[in-house]
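Please look over the sequence and the model before reading on.

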Amino acid sequence: MPAQSKENSGPVELLRGKDLPMTADAILKDISHYFGRMLGRRTVRADSPFLYQAVVFAARDRLMERWGRTRDAMEQQDSRRVSYLSLEFLMGRLLRNTLLNLGIEDETTAALNRIGLELENVCEREKDAGLGNGGLGRLAACFLDSCATLALPVMGYGIRYQYGMFQQRIENGYQVEQPDSWLREGFPWEIERIEFAQTVRFGGNSTSHTDASGETRYQWLDTHDVLAIPFDIPIPGFENNIVNTLRLWSASCSEGFDLEEFNAGSYVDAVASKNAAEKITMVLYPNADSENGQELRLRQQYFLASASLQDTIRAWIEQHGTDLRTFAEKNCFQLNDTHPAIAVAELMRLLTDEHGLTWNEAWDITSNTMAYTNHTLLPEALEMWPVSMFRRLLPRILDIIYEINARLIAEINERCPGDSDRVRRMSLIQEGSEPMIRMAYLAIVGSYSVNGVAELHSRLLQEGLFRDFAELWPQKFNNKTNGVTQRRWLAACNHELAELINEKIGSGWTTDLTQLEKLAALVDDADFQLAWRTIKQNNKERLAANIETKTGLTVSRNSLFDVQVKRIHEYKRQLLNLLHAIHLYDRIRRGDGDDVVPRTIIIGGKAAPGYAMAKAIIKCINNVARVINFDPLMKDRLQLIFYPDYNVSGMELICPAADLSEQISTAGKEASGTGNMKFMMNGAITIGTLDGANVEIREAVGEENFFLFGLTVDEIENLKGRYDPKTIINGDEDFKRVMELLESGHFNRFEPGIMDGITQSIREPADPWMTAADFRSFVDAQVAASAAFRDETHWTKMSILNTASSGRFSTDRTMRDYNQDIWRLTPVVLD
């Protein structure tokens, strides 16, 4: 911490002293200090937030020492760095993972045991930091963990939403959204860094003039400014003393409180500026159905990009001075999906308007620092904003986008003269009655690297969605298959299995997941199989108890746990899973279910507040579940559970307990998927289409340990224009009965018509998800899964081999790939 000396007006470092001991005695002493002296509490209760906070403070003290040394080492080594920009960071709970990475989980457990408490109960007090919607945000969190473990100098930049992803309640089968007040009891991990606050501009107008050298210069005037205040969260690597940083921005009014207006009685006007600023970071993903919602999303995206880029340039100037000509040699900005794409234009603004570089100098820096990761094959999911909205909110940024587009069109015309169709397809501006800015195209044009997140996804991007750009700049495009961190998704969430693996092959897999391949040699060991099954059963017991607490339903522990938990979306086809559940229900009711193994189907996930069809699917699932679960014929044979308020902590219970992992998206629609990897790592067997990373999972584990079904990408493409779900349904007696049950009102006897939209979508020839086309193949694959589960030994071997084959799906491997091909970072070395 800097302080002022009498002799020298410059900052000096206060003495840090020796590192704090990592023993149980020392940790207990610090917990007691924080609990009693800082938090002022005397009575110790495990369910108290104050004991949890005291434990966090004790752990954070040990992080602080390492955090400071990591920053010092980065500066001394003048390391090339990555700024990872993401609108989502789905961090979940941090305490257990932090203790694991610091290597003091056992010591903290022992310290708490001495006062009659369990670490598990203390960890339960932590609220999920739900700053993400699903796989995108969870992937970003895994990336940060792996970068710290690999000692890569990577800093995350995101938004500190006051209310994260909403809390989901189910009322009469419907999803009801409630605010996620994750900050209500404070967030003891974060450090406010007000000294690094940045000003972000909106509105106003831009003017130009010619400077003495003949360069056209621009000014952005009469803006409404917002203050971006950073809050830092430490990200520890695994037992390597490296601590990286996640910096989250919170919006605040730059003008403060208008006391004159307040004293005049204009109470609303007095806080209008404050409210307008703070709403930018109020809620993750405001509903974009309205123009106000769209405007708020754009504000969020620009707020993140501008504050983060300004902060990176500030750090550069503090260390290197104002000469930015070598900035690109030491910096890279990784754009996590299209949300931060506006960073391309904002960096150009900062370099030209604020730091005096010429356009060509600025473009050389920008196009050599920006790297773009695409996460979707759905054209509608690519960000596009009305030009009119940009003109009102970000007029200077609009000028820059038009200039980038003009130069892009000139390059296209030079490379492909006379190809006006190509110019129209590739232009950053989509013409029409309401011209739109194509943000994904801006990211591609301004980046030196563009990557997909699975082999199939990357190929389809280059052959389809971004084909024109791949033909123009083939060297930009590459693949980086996603992964997950084994520290959280095996070591922390599946303790018993981790201990068994450590006992058999050692603990090296914690930082080198490929070592799990050694488990394959144990696949025929009867004692190992028994231990494996026992652990799976224990995990199922824990999940069943959790489900009973959340829903009141008693789950059959010995049934096949058939799990699909992920964001609710039509392309992920929770509806296909539901059709199979109804098919099993129908078979059992008709007396045709003797070969149906006892099965508990668990579906969980949240629908975006404005996504009507996804919310209708949740309602449909719950209506069907109510009928199935209260039918006496289904007892101990079939259950359908909708897992409410699914989040990271829920997944940490679910994935160790799952037997069957449902990865059933329409082929060609899922970019990668990461839930499939978490389930595989914990020994679940996948039933899935050849979509996303499923392709690579099947290659890794072998087709005999994967239940494949469904049309391929090429078959779907060939079926377009000829898809006839009516004929498919009428030609399949099982399917006909399922549809009759849905359409007869069997599941909605007192709510007529509520299933109509669902059934119409299944029968729709233009259904892009082709749900009906894959029904029979899905049912047949499920029959194969049931037969395999009935053979306990065979199923256990498949489970072991799935875990043993999961080595390539660690984010450690993903980050090494990014670093080798895109970032080119040198790992930080501590003294």
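## Nonpolar cores

The model is predicted. Its largest nonpolar core holds 210 residues. Trp189, Phe303, Phe390, Leu394, Leu640 and Trp823 have the most contacts inside this core. In soluble globular proteins, nonpolar side chains tend to be buried together.

## Helix 13 and its buried side

Helix 13 spans residues 359-366. Trp359, Ala362, Ile365 and Thr366 are buried there. These residues lie on the same side of helix 13, because they cover an arc of only 130° around the axis. An α-helix has 3.6 residues a turn, so residues three or four places apart point the same way.

## A buried arginine

Arg349 belongs to helix 12. Is Arg349 buried or exposed? Its relative accessible area is 3%, under the 20% cut-off, so Arg349 counts as buried.

Residues up to four places away in sequence are not counted in what follows. Arg349 touches Arg201, Trp220, Tyr302, Ser306, Glu354, Arg396, Ile397 and Ile400.

## Crossing of helices 23 and 32

Helix 23 (residues 574-589) packs on helix 32 (residues 775-790) at an angle of about 60°. Their axes are 10 Å apart. The crossing is right-handed.

Helix 23 contributes Leu576, Asn577, Leu579, His580 and His583 to the contact. From helix 32 come Phe775, Phe778, Val779 and Gln782. Five of the contact residues are nonpolar, four are polar and none is charged.

## Positive phi in two loops

Asp222 is not a glycine, yet its phi is positive, at about 55°. Asp222 sits in the loop between strand 12 (216-221) and strand 13 (224-236). Its relative accessibility is 60%, so Asp222 counts as exposed.

Asn241 also has a positive phi, near 65°, and is a residue other than glycine. Its loop runs between strand 13 and strand 14 (243-253). At 38% relative accessibility, Asn241 is partly exposed.

Note on methods
Residues are numbered from 1 along each chain as its sequence is written. This is a predicted model: local features need pLDDT of at least 70, side-chain atom pairs count only at pLDDT 80 or more; totals for chains, interfaces and linings use all residues. Side-chain values use heavy atoms; hydrogens and water are left out. Axes are lines fitted to C-alpha atoms, for helices over the stretch in contact, and angles run from 0 to 180 degrees between N-to-C directions. Helices (H or I, at least four residues) and strands (E, at least two) are DSSP runs, numbered from the N terminus. A crossing is left-handed if the near helix is turned anticlockwise from the far one by less than a right angle, and right-handed if clockwise. Contact means heavy atoms within 4.5 Å. Ala, Val, Leu, Ile, Met, Phe, Trp, Tyr, Cys and Pro count as nonpolar, Asp, Glu, Lys and Arg as charged, and the others, Gly among them, as polar. A nonpolar core is a set of buried Ala, Val, Leu, Ile, Met, Phe, Trp, Tyr and Cys residues joined through side-chain atoms within 4.5 Å. Buried means under 20% relative accessible area, exposed over 50%, partly exposed in between (1.4 Å probe, protein chains only). The arc is that of the directions from the helix axis to the C-beta atoms.
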